[in-house]
Every structure is written in C-alpha cells, then in structure tokens.
Amino acid sequence: MSNTPYFAQGIDIDHLKPPEGCRPGIDCQRWVIRGARVLDPASQLDAVTDVFIDKAGIVAVGEAPSDFACDNIMDARGLWLIPGLIDSWARLREPGQEHKATIASEARAATAAGITSVCIPPDTDPVIDTPAVVRLIKRRAQLAGGARILSIGALTQDLDGKRLAEMADLQEAGCVAVSNILKPMANLAVMRRAMEYANTFDILVIVQPQDRALAHGGCAHEGAVASRLGLPGIPVAAETAAMAQILALVEETGARVHFANLSTARAAQMLEHARFAGLPVSGGVSAHQLFLSEMDTDAFDANCHVIPPLRSLRDRDALLDAVARGVIEVIHSDHQPHEGDAKAAPFPDAAPGISALETLLPLTLRLVENGTLNLQHALHRVTSGPAQLLRLKAGGVAPGLRADLCLYDPQAAWTLDEQQMLSRGKNTPFAGWDFSGKITHTWVAGRLVYGQNIEPK
Amino acid sequence: MAVVFVRPKLPKLARDPWAIQFDSDGHLKHLLTIEGLGAEWVTRILDTAESFLSVTGRDVKKVPLLRGRTVVNLFFESSTRTRTTFELAAKRLSADVLNLNISTSAATKGESLLDTMRNIQAMQADMFVIRHEQSGAAHFLARHVEQHVSVLNAGDGWHAHPTQALLDVFTIRKMKGEFAPLRVAIVGDILHSRVARSQIHALNTLSTGEVRVIAPRTLLPAQVEKLGVRVFHDMREGLKDVDVIIMLRLQRERMEGALLPTEDEFFRLYGLTPEKLAWAKPDAIVMHPGPANRGVEIDSEVADGPQSVILQQVSNGIAVRMAVMSLCMGGREE
C-alpha cells in the first residue's frame, strides 16, 4: 500500500447538483460504506451501520434499497462516518490573490480536512458582485475537483457600501448569501435598504460586525496585553456598537441576518437576547476564537494577528458557553492563507489571518474532548448547523441528502506541523498541537475526492 | 577604570515570552524590553554604567571593549538624541558605527524590514540598534538575526524604549539612592508612550514604592493599572508626596484624534508649572525624556529650574548605552 493519499482530479460536470440521467458506475459511482459508526447530528443517529450512495446522493442508511447494485465497497469498520463539513466563511484567495493560494490548492486541502463545502466571502478581485464571477469560481472549483465552493455575493456593487448589488441575480447564479464583509456601508439608510431588498428574495445577509472608526488602526484586543505591548487596540465596542445597529435594522426589516466571526462576550449576549426575542438572527464563530486569547499575542506572534482580534479569556469563555448552549450554532474556519512574506513583519504590519481549514474539524472535536459539547452537538456546529443556515441539502447522513461524507479515524493521533499542511498558507498558531484523529476518506456528491490508505480492520 | 564582566547566570523560563533576550547560557544578548530582565540585570546594567561615567569624564573618552565590532544604527523614525547618544556610546567603546536613516532610503523603495536587515547583516554587522514605528519591530528583528548578532531596541512603536528607561532609573538612583521609599509620577500621554511603558517596568522591577500615572482618560491605555501603577486624573492629588516627576512629550497630532480639546486646556490641567511643582515634595526632581514641548507639557521655568535633571538624563544616556552595548556583546566568543 502506498502512503500517498489519493486526490481526485478535476471533473467537468456540475457537481453542485446530481447530474440528470447520470449513468450508474460511469458518471457517478454507487458506494456502500460498511460498518462505520455513523453519526448524523440532525437526527442524532449514532449507530454502526451501512450507508448506500447512488446518483451523488445518499439513498439509504441501514438496509440496502431493493434494486441497489454497488460499484464500490468501503470497509469502514473502526471508523466514523460523518457528514462532510460546511465551512461558512473561508478565503481561498482566488480570483485575485493567487500568490497566496488558489481554489485548487485550498479545495484539495479542504477535502483532506473533511470539508466538503466552502463558502467564500465576496472580497475577491474581481468582487463577487456579478453572476459572471460566481460562474468563474464555480468553474475553477469543478476543474479543481475537490470541495464544493459556494460564493457569498456582495451586498453592494464593488462592496462600495452605496449601490446595491444585483442580489437576486447572484442568488440565481448560486450565491448562498450576501455580505459586505468588513467594508463600511455609506450610512445606515443604505444598510436598511440592502437588508429590505435581500429580504424580498429571502436572501441571507451575513454581517461581520465591526465599526470601522472604532476599530481604526487597531491590531489587537484593547485590553491589558495590548496595553503592555503598546499595540493599538480594537475595543469591544467596535463589535457591539456595529451589532446593535444591525439588530435595530433587523427589528425594522425582518431580514435574515447571520453574524459571522463574533469575538466578544457582550456580542454573544446580545445575540442571545435577540434570538430570545424571536429575531431571525444567528451567529458564527471561528474555531480559533474558542481556543486562543489575547494572551497568545504575547511576544508578538504574528500568526495570532487576526481580525477580529483574539480577545480576553472572559470573552473566549463566553463564546465557548454560547457555542455549548446553542446560541452560536455555527463554527467556521475564517481561513485566510498567506504567503510567508505577508507574516514576516512586525506584528501590526503582518497581514491578519490564520490558515485554518485544516484545524476546523480537529479544534471542533477538541471541544468534545474538553467537555464543552457532546459529539453530536459539536458536529452540528460544522455540518447540519451551517447547512440549515445556508439551506443546503447536505450536512447530514440521511436518505435524500447529497452524499457529502467523510470517514474519520478516531485513533489516528497526529501533531500539526505547519510545513505538512496542504493549504498554500502555512500561517497557523496551532503548530505543535496534538490532535486525536484524522479524516481518511472524503466524498463530495458521491464521488471519492480524497482517500488515505488505512490498515485493514 | 574597572569594568567587570561577570554576568549572573539567570534561570531561563521556557515559557517566558521575553526569554529571547538571553542566550542559552542566560547571558543578555538582546535588549528589547525591560520585562523579563529582573532586578539583578537592571542593577548590573546600572552598575556597569556607573563605571563608564568615569570614561566620559576623561580627556581620552575611549575604551577598546568593542574594537573591531560593527554597530549599525537602523533608524526607521527620525531621532536626534537617541541616535547620537547610541553613536557616541558605540564610538567610545571603539566600535565602527554605521548610521542608516531608513525613512529616506530602502523602505521608500519598498524593501521589507527583513530584507534591509539581512543585507546589512551580510556586511558583517555585530549589533543592530533599531528604532521603528511599529510595536514589536525589535522582537521581530531579534527573532530573525543570525546567532552572533545583537539587537538593541531604541524605541518600537508604543511598546518599549528600554535604554531610555534605564537612563531614567540611573538618573533617579544617582539623585535619590534607594527606590523602595520613592513615589514616582509619570505625567501626560501614557497611551502612545513607549518611554512610559519601559519606565513603569523598570521602576517596578526595582521595587519602587509607588508608581503613578497622571493623565486624562483619553491618554491612558486600557487597564493601565495592570501595568502596576496607581492612576490619577488630577495633578494636585497625583503629585502629592511625589519624589520624582517624569513629564512625557505630547505630540501635537493628539489634538486631531479627538483625544484632547486644545493644548491650552492640557497645559492648564497637566502642564508642569512652578505652582504645580510645589504640590510635590520640596526636593522632588523633574525629568523629561525629550524633546520637550515648552508651554505644552512643561513650563520653561521648571524645565530650566533647579529641580530639573533633564540634561543629566542626556549625559547619563551615553554611559547607560555603553553599558548595554558592552554587556550584550560581552558574552560572545572573542
């Protein structure tokens, strides 16, 4: 057996939807995955059973359908079969910054990390504000043949905060949401109109709450550590003031809003109150915010320079609590791969961001090990949670869903070595961390896109 | 003249983020911040500086301790006092000195800090003295230089200016002796001041009785009390029973960032005038890291008055920098 993992090559079919009239065994293969511990957070299924795949979808769990004939059998005894992860917030740098990473490099890294769908924010170059860019990204993803890449459209044209983007066209072209990322809106009136317009077509608006003026010039959490290191701070109010404005507009417009990249205890509390009041809002947090804090920026580690910044231990604990209680239902990577030079500068000058695809599942499962969440709830935050948010027919192991699946070996302990990362970006603060298990196989729409040789069980 | 180079072996804490300042034998290699030095090293630097004071008083002001070594002053921000005193210190130790004012050369051509440093390192530099506008620049350089090269922080962003703090505590020690009974007040723009941060660490390292900061809230960093200071907003309260007053320079740009209304109001509330000075102990000394804005944070009558030690600070600066340079380079194979 070779130790080189298998990666699928690009395919020239639209693997977003199961192709009509696909020829069994040729265009799309039929699989039986036998004997795995099947975990489906949506239905709370946790049983050793068989899963049957045909026409890019899951056709049965448990008993084979009467007319099922398989092309491939995967002996998965001793492994876990989990839904493929859906990463709702990750930069792949293409188009526009291919010197940092490409769709091909990152889609490949994603599959090996168990991520089968990746949603990319619209700050590419060109900005995702026309269907043509959405189609370009989709085509590049198909050629890459790895994870499914889903676009998040721009809320305003060129993200200028003034002119509304063609949201309905973007939705039709396949955008799962719209966002103006960290770019400021000209004023609250434009934001209100944008939310109203998005709501007309039931389009999800993703907001990364950060007031530009309050955050201006900052590169670290405004607190004891930044004060000692002399780093310009970003106050908690930069997040909460922006969030309060958006919540007021949600009350006004009824628009569906998802707050991505939350970093403060107060924001988690505001989200909880808003949800309790019945507002259609949800929250997401990046995995690193649940493990790191301002303490990690000590000694000016540029890999800990992220926006929003790593905040206090109290904030981190409140985020963990919000994730545990389901106030925050989505954990995303906030993947931002960088070339070495971008980080080779004094802390404030180093480009913010963490290469995080490959730590999304390991860190999420660590929440189980440290007792924050049970296994199903942890998986929900990265599979069925984002699937429900983005209304994707994926993120579960149940008949009728797309066959986006992973096998996970819970015994394969490993240590993160940044040089071994598959992402083009090696900028991680988690180098040297020990993790307990590893993805061994990944299917996207019923197609095996990643496979590791495993010991026969 | 007796300059004794016996370095105490200090235990190195593996998880101490400032451990980078010491080599594997526990010798001081880089001076990036006062944090992590401990009272033993600070005292050693001050004692060494004391022995160099006699050199600066002689006719021939040179000692051969750094003969054949090359010291490169890498200044990304303009500076007169700090750069010239570093230069004089290096020359009095017989080193070759190269001054690079980067704001007018490579950086404007787009060269990165790392490339600039590597190019100069390739010219067999032994020590970099760096001033940079970004906090953490000196740490960054120290992490990337070759094994034999030392890095001295001559001011990085708002973070640290350790040699300034050392010359300040050196001056205080000469004037006042013991630190334990002293109350020291630092007045003005603490938020943007690398000098204040290093002074606070140095004073606390030497177990100063009380370190105070006096400023309006807009000029204080978040949770400043965690640096080990008592916070005052009123000069009369803050200066009461104080032995040492350190005035900080107020940059005029601060008026634009909505941090202060006007210079006039700042001077009225926090500017050190003879009247306010009278609120401190009668034998209190007045310090200023320079360059002073007369009429903004300090009245000329005070700056030039009998309690001012501002010029002593400058001349002590040379001896302290000689001490730091010789200690950092002294641990090397000849």
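Modeller: Helices (H or I, at least four residues) and strands (E, at least two) are DSSP runs, numbered from the N terminus. On that basis chain B has 11 helices and 9 strands, and chain A has 13 helices and 21 strands. This is a predicted model, in which local features need pLDDT of at least 70, side-chain atom pairs count only at pLDDT 80 or more, and totals for chains, interfaces and linings use all residues. Residues are numbered from 1 along each chain as its sequence is written, chains are lettered from A and ligands numbered from 1 in the order in which they are written, and side-chain values use heavy atoms, without hydrogens and water.

Biologist: What makes the radius of gyration of chain A agree with that of a compact globule?

Modeller: The radius of gyration is taken over C-alpha atoms, and the globule rule is 2.2 Å times the number of residues to the power 0.38. For the 457 residues of chain A the rule gives a value near 23 Å; the chain has 21 Å, and therefore agrees. Its C-alpha atoms fill a box of roughly 60 × 45 × 45 Å along the principal axes.

Biologist: What are the corresponding values for chain B?

Modeller: With 334 residues, a compact globule would be near 20 Å, and chain B has 20 Å, so the value agrees with the rule. The box for the C-alpha atoms of chain B is roughly 55 × 45 × 45 Å, taken along the principal axes.

Biologist: Why is Glu63(A) called exposed?

Modeller: A residue is buried under 20% relative accessible area, exposed over 50%, and partly exposed in between (1.4 Å probe, protein chains only). Glu63(A) has 67% relative accessibility, and therefore counts as exposed. This residue is found in the loop between strand S4 (57-61) and strand S5 (72-75) of chain A. The C-alpha atom of Glu63(A) is separated by 8.2 Å from that of Val51(A), 12 residues apart along the chain.

Biologist: Is Arg256(A) buried or exposed, and how do you know?

Modeller: Arg256(A) has a relative accessible area of 16%, so it is buried. Arg256(A) lies in the loop between helix H7 (236-253) and strand S14 (257-259) of chain A.

Biologist: What does the side chain of Arg256(A) reach at 3.4 Å?

Modeller: A polar contact is a pair of N or O atoms within 3.5 Å; within protein, one must be able to donate a hydrogen and the other to accept it, and residues adjacent in sequence count only if both atoms are side-chain atoms. The side chain of Arg256(A) reaches the backbone oxygen of Asp202(A) at 3.4 Å. A polar atom of that side chain also lies 3.4 Å from the backbone oxygen of Leu389(A). Contact in general means heavy atoms within 4.5 Å. Beyond its neighbours within four places in sequence, Arg256(A) is in contact with residues including Asn199(A), Ile203(A), Pro280(A) and Arg391(A).

Biologist: Why is helix H4 of chain B called largely enclosed?

Modeller: Of the 8 residues of helix H4 (residues 137-144) of chain B, 6 are buried, so the rest of the structure largely encloses the helix. Those buried residues are Ala137(B), Ala138(B), His139(B), Phe140(B), Leu141(B) and Ala142(B). Their cover includes strand S1 (70-75), helix H3 (113-121), strand S3 (127-132) and strand S4 (150-156) of chain B.

Biologist: How many residues of each chain, as a percentage, count as buried?

Modeller: In chain A, 62% of the 457 residues count as buried; in chain B, buried residues make up 58% of the 334.
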